[in-house]
Protein chains: 4
Amino acid sequence: MSDLPRFGAGLWHFASYLDRYATDGYAPAVTTLEQIARAGEVEDLSVVDVPYPFTEGVTVDQVKQALADHGLEAIGVTPEIYMRKYRMGAFTNPDEALRKEAIAFLNEAADVVRALGATYLKVWPGQDGWDYPFQVSHAEQWRLAVDGMRELAQANPDIKIVIEYKPREPRNKMFWDSAAKTALGIKEMGVDNVGVLLDFGHALYGGESPAAAAQLLIDQGLLWGMDVNDNLRGWDDDMVVGTVHPVEVFEFFYTLKINNWEGVWQLDQFPFREDTVEAANLSIRFLKGLHRALDELDIDALREAQSRQDALAAQKLVQDVLFTCLRSDA
Amino acid sequence: MSDLPRFGAGLWHFASYLDRYATDGYAPAVTTLEQIARAGEVEDLSVVDVPYPFTEGVTVDQVKQALADHGLEAIGVTPEIYMRKYRMGAFTNPDEALRKEAIAFLNEAADVVRALGATYLKVWPGQDGWDYPFQVSHAEQWRLAVDGMRELAQANPDIKIVIEYKPREPRNKMFWDSAAKTALGIKEMGVDNVGVLLDFGHALYGGESPAAAAQLLIDQGLLWGMDVNDNLRGWDDDMVVGTVHPVEVFEFFYTLKINNWEGVWQLDQFPFREDTVEAANLSIRFLKGLHRALDELDIDALREAQSRQDALAAQKLVQDVLFTCLRSDA
Amino acid sequence: MSDLPRFGAGLWHFASYLDRYATDGYAPAVTTLEQIARAGEVEDLSVVDVPYPFTEGVTVDQVKQALADHGLEAIGVTPEIYMRKYRMGAFTNPDEALRKEAIAFLNEAADVVRALGATYLKVWPGQDGWDYPFQVSHAEQWRLAVDGMRELAQANPDIKIVIEYKPREPRNKMFWDSAAKTALGIKEMGVDNVGVLLDFGHALYGGESPAAAAQLLIDQGLLWGMDVNDNLRGWDDDMVVGTVHPVEVFEFFYTLKINNWEGVWQLDQFPFREDTVEAANLSIRFLKGLHRALDELDIDALREAQSRQDALAAQKLVQDVLFTCLRSDA
Amino acid sequence: MSDLPRFGAGLWHFASYLDRYATDGYAPAVTTLEQIARAGEVEDLSVVDVPYPFTEGVTVDQVKQALADHGLEAIGVTPEIYMRKYRMGAFTNPDEALRKEAIAFLNEAADVVRALGATYLKVWPGQDGWDYPFQVSHAEQWRLAVDGMRELAQANPDIKIVIEYKPREPRNKMFWDSAAKTALGIKEMGVDNVGVLLDFGHALYGGESPAAAAQLLIDQGLLWGMDVNDNLRGWDDDMVVGTVHPVEVFEFFYTLKINNWEGVWQLDQFPFREDTVEAANLSIRFLKGLHRALDELDIDALREAQSRQDALAAQKLVQDVLFTCLRSDA
């Protein structure tokens, strides 16, 4: 049996959440350090992606120590460029002063990446986009989005930056909305330290095949990170991975395997009403099942079926290992 | 020209909002009384739907006075049964004690309806539903949802109750999710003081034709209130009415007209990043345009085209009046 | 282990197909008798739903004999009321003469039900609906759809009629589009020989939970037949069951089981580019896996988890049996 | 007032259609020459996109003559690489021999472009893609799709080739599915005679903003053709333009105007149940209204509103001209 991958999670997986209705939050607030402690309770979790800024008063050193105390490492840092201040965008904000502040803040976050020894700065410009027809100049948005990211990359040549694309929410349409558009934009930047973090759920509800999106990014040399979760295909529900679309999750990991992609298998879930630690445990239990299924899959036979586009033969091979992957006799 | 309808709005139209990302809110908080003041600034606004409870410390009498001061009346009261406490549901909460508390709170809200002289108690059980496959017993949900609403209705025979259905959000699936399901449930209640508030946007993104849903509810004697707004058809974006789907909004109001439905034309919009008063003004300007278009529409000719399912003839008649409805020469 | 259910399929599963692009068809035409022969090749297939009219020249007696020869029975008859003649609708066609012809043809199909000893007449009014805003009078469509079905039912009191609802295709919107709307319409008919055939895929891409739709129909006493298949949740792709949404298919069959629903597990798939017999075999292999999983599922524990809306506990119980259901050691 | 654009249509607009249900077709078959005659009846139609092969027995010379007789020119030629033979794909067919035949056939179609003096060869590889998870190697599909198109382009350096992308149908997922992916693939081809034909409806139901997609392609130098129509945003309904989404159509044409894009305004509609000539006339009537609205739009004011992302101000300016564009007093 092949070695297990390292498992990770966005630290927000262990936070509490609110939305436009339950404005008092689905659970009491959880500080950065408490989130780390919870992450430490998850079996098999090795790394976390850390939002920045931390809870007020918490220092980088405290975070570093807490991670060490709980046997965790930081894989990434996610600057929160989607709060009120940046509600009209960070990179594409119509106000030049705010765009500059956003870049300054992102540079500060890059220092946190250095301090924590993380692998990447994750940039998710959640408020960059538009809501209404005719609201923005699309030409201008492209220019600002691409130029701003290039500027950030050139200011931090020692840091890997990954863009996480998403079709929508919180803006009705987000600028970086698909694998192909993100790859196209990165090419235009002409830098070599910007790549992509593919979120399985974002690809799924955006109408992509997550496996095809992963392959495209791998072929472009840009798949530098990933998140998994699940949804009902119409929204970024950030549900527990495998609870709705196990077949497509499996195809996603199959694609990573045949390309020898060996990064962290990471969770980006929002357990609004669930126990956050249990949600992670259930996820990792399933991911281990998938890992076993990949070990058992007859990949040569599958490739042969694919060479004929024989969907039935391919599915049979897949079902043989997927629908046995949690048996206890192994 | 026929008389203009009365225009209304959910009072939350004039609030500020937050979501799971911009947890600090898209704008500073706005109190109930401030919201009323803003509503009063809107040209042509006559009534509001008032969320309950009010901002802490605000009394019913203060609300009553503020409404009077700004020339407004309360059309409805909307109890907030979608906060943390009811995150697993109000009527269908698995905890019997919480279900009882929900009913008690709803009865309290019914008293506010009486105190404000409002037309209806609007019940939107936003947290009643489910998120995951296998999470709930669907038979039990139906029983609790129907029995609870009947109990509420029977405890308040002098009050009209309207259920606002919605496909999803904040639960991944909501229990009262369509016009037909709501009508079916109301019939099973066997009471005569429960009807439906149809939200145009909810019908649209739920895959209904809002006009067909309105006709169905009218034919069942259940269309007791309505809200309009707009969206991109995949989510409840609560955008300004007419900015995306003017044709289907027009068909919706046409349906009301030919059925002599003469209630309030009401806004349910969430202007996250916009000026809330301006958003209402722009909406009503458009609705007045639709009202003029309805006056000018050759309804006999349209009916004749429909009697042949002649889509082209019907659309031509519609376009003639819709795409001229904001001309200034009237 | 509990007894296996009877498996069935729409006979069209073994036909060839065309669409608006491949107008020459994805495969050579297959006659009714050839379709029966193919159905006979499927392991474990007991019943078929037979479209009517048959291929030109084929008689009811020939069909009867062919079914017997291949060890099959007819569960239903599906009259083709969606060809050119009825392109504007069968029950709701604007032309009264065509409505009468449709009813006459349906009565003829009812005779085929009698002749074949089938369980039901399946009515799928694929062309009843509308395409454009403003194209039809929704009030008139309801009246014609409900009255026509009542007339058919009353003319055939000895025959069970099942309506198969579907959100759209071939019309952009179909009249019978959801479980609740169909139940509401049937109630208004005031007859006792009209029920519903629930197609899993139609429910899924219509935004329903198929399990919740099944429960609703069972509670209304109306779930008289069902079809399974799969799709990508945006269209009626009629793919092989379990290839995309195994979890929700499992919840659907779980719902049938706990309600002691003991009808046929039936396929409605369109293997455009696949071997039709192999597609059925793969489907039934998976359905047998689900049957085993249902036998092994700890239903008491699941009900207990559901009584708390504990999604994680419920999913864990489900995954335990679903992701082991094809193991060979049984 | 600015000059009117030239209007065009796919010649299939004037054909008859069938689908998987109405296999006898929605209307009697219409030959290539009859389609041209119908196109000639449309007011203001100047050019057509001609499918190839023509109806059996019809020659290129006959087509040329018929076009001339009806005052039409060919803007493009659309080879039918989506019939049974290519049901598993043209460029990405798993059978090398079929791929070669496809290229040979496309070269033949390029000769028809030359013979008709058309502007481009339109390539829409409708069957290139996949239906099931795990059915294909996504890496291999990319390689075959890109290499095949490059080969075609290099074999016809004197011909402009436009790829029409589409999210799905007839395959459940199509390979060329978005503006960005198509642009990315074209860049990899390294040729200068391949561009994009943007179909408004494809962009819309694929979740793109058609205006943003147009701007992206213009900025990449690749927007060489376009089609308009409308749909309900979930499928390629190919409805009459403006009947559902007039605002977004207007934003699309606004984008073309501010970029000085001066090509043909072309229809790609499938009037299944409508009079095909009337459908075109109604479309062009609306497009002329949009053209007038563009003339009247205060573009400087709109740009200023966009520079602040002021959605309300932008919409107000747009509504001022859109909802007056069909007034008769001009």
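A polar contact is a pair of N or O atoms within 3.5 Å; within protein, one must be able to donate a hydrogen and the other to accept it, and residues adjacent in sequence count only if both atoms are side-chain atoms. By that rule, 18 residue pairs are in polar contact across the interface of chain B and chain C, with both residues at pLDDT 80 or more. Welcome to this structure, which is a predicted model.

**Where chain B meets chain C**

- On the chain B side, 47 residues are in contact with 46 residues of chain C.
- The two chains bury about 3800 Å² between them, and carbon and sulfur atoms give 63% of that area.
- Three residues, B:F134, B:L184 and B:Q309, supply 25% of the area that chain B buries against chain C, more than any other three residues.
- How many salt bridges are there between chain B and chain C? The count is 0.
- Several elements of chain B each supply at least two residues to the side that touches chain C, among them strand β5 (129–130) and the helices α4 (138–155), α10 (299–307) and α11 (311–322).
- Helix α5(B) gives the most to this side of chain B, with 6 residues.
- By class, the residues of chain B on this side divide into 22 nonpolar, 14 polar and 11 charged.

**Where chain D meets chain C**

- Here the contact takes 43 residues from chain D and 43 residues from chain C.
- The area buried between chain D and chain C is about 4000 Å², with 55% coming from carbon and sulfur atoms.
- Look for D:R20, D:Y21 and D:R273: they supply 22% of the area that chain D buries against chain C, more than any other three residues.
- The rule finds 10 salt bridges across the interface of chain D and chain C.
- A salt bridge to look up joins the side chains of D:D238 and C:R20, at 2.8 Å from N to O.
- Polar contacts across the interface of chain D and chain C number 28 residue pairs, both residues at pLDDT 80 or more.
- The side of chain D that touches chain C has 20 nonpolar, 7 polar and 16 charged residues.

**The sheet of chain B and its helices**

- In chain B, 8 strands form an open sheet with parallel pairing, in the order β9-β8-β6-β4-β3-β2-β1-β10.
- Strands β9 (223–227) and β10 (265–267) of chain B stand at the edges with a single partner strand each, so one side of each is left without a neighbour in the sheet.
- From one strand to the next, the twist averages 30°.
- Within this chain, strand β2 (residues 45–52) of chain B pairs with strand β3 (residues 73–79) of chain B in the parallel sense over 6 bridges.
- As a place to start, find B:P51, which stands opposite B:T78 in β3(B).
- Helix α7(B) lies across β8 (194–199) and β9 of chain B and runs at about 165° to β8(B).
- Helix α8(B) lies across β8, β9 and β10 of chain B and runs at about 155° to β9(B).

- In chain A, a cis peptide bond joins A:E169 and A:P170, with omega about 10°.
- Where does A:P170 lie? A:P170 is in the loop between β6 (160–164) and β7 (173–174) of chain A.
- A:E169 is also placed in the loop between β6 and β7 of chain A, and its phi is near 75°, a positive value in a residue other than glycine.
- In chain B, a cis peptide bond joins B:E169 and B:P170, with omega about 10°.
- B:P170 lies in the loop between β6 (160–164) and β7 (173–174) of chain B.

Methods:
Residues numbered from 1 in each chain as written. Chains lettered and ligands numbered in written order. Predicted model: local features only at pLDDT ≥ 70, side-chain atom pairs only at ≥ 80, totals over all residues. Heavy atoms only, no water. Contact = heavy atoms within 4.5 Å. Buried area = accessible area lost by both parts, 1.4 Å probe. Salt bridge = Lys/Arg side-chain N within 4 Å of Asp/Glu carboxyl O. Helix = DSSP H or I, 4+ residues; strand = E, 2+ residues; numbered from the N terminus. Nonpolar A, V, L, I, M, F, W, Y, C, P; charged D, E, K, R; others polar. Pairing = 2+ DSSP bridges. Axes fitted to C-alpha atoms, helices over the stretch in contact; angles between N-to-C directions.
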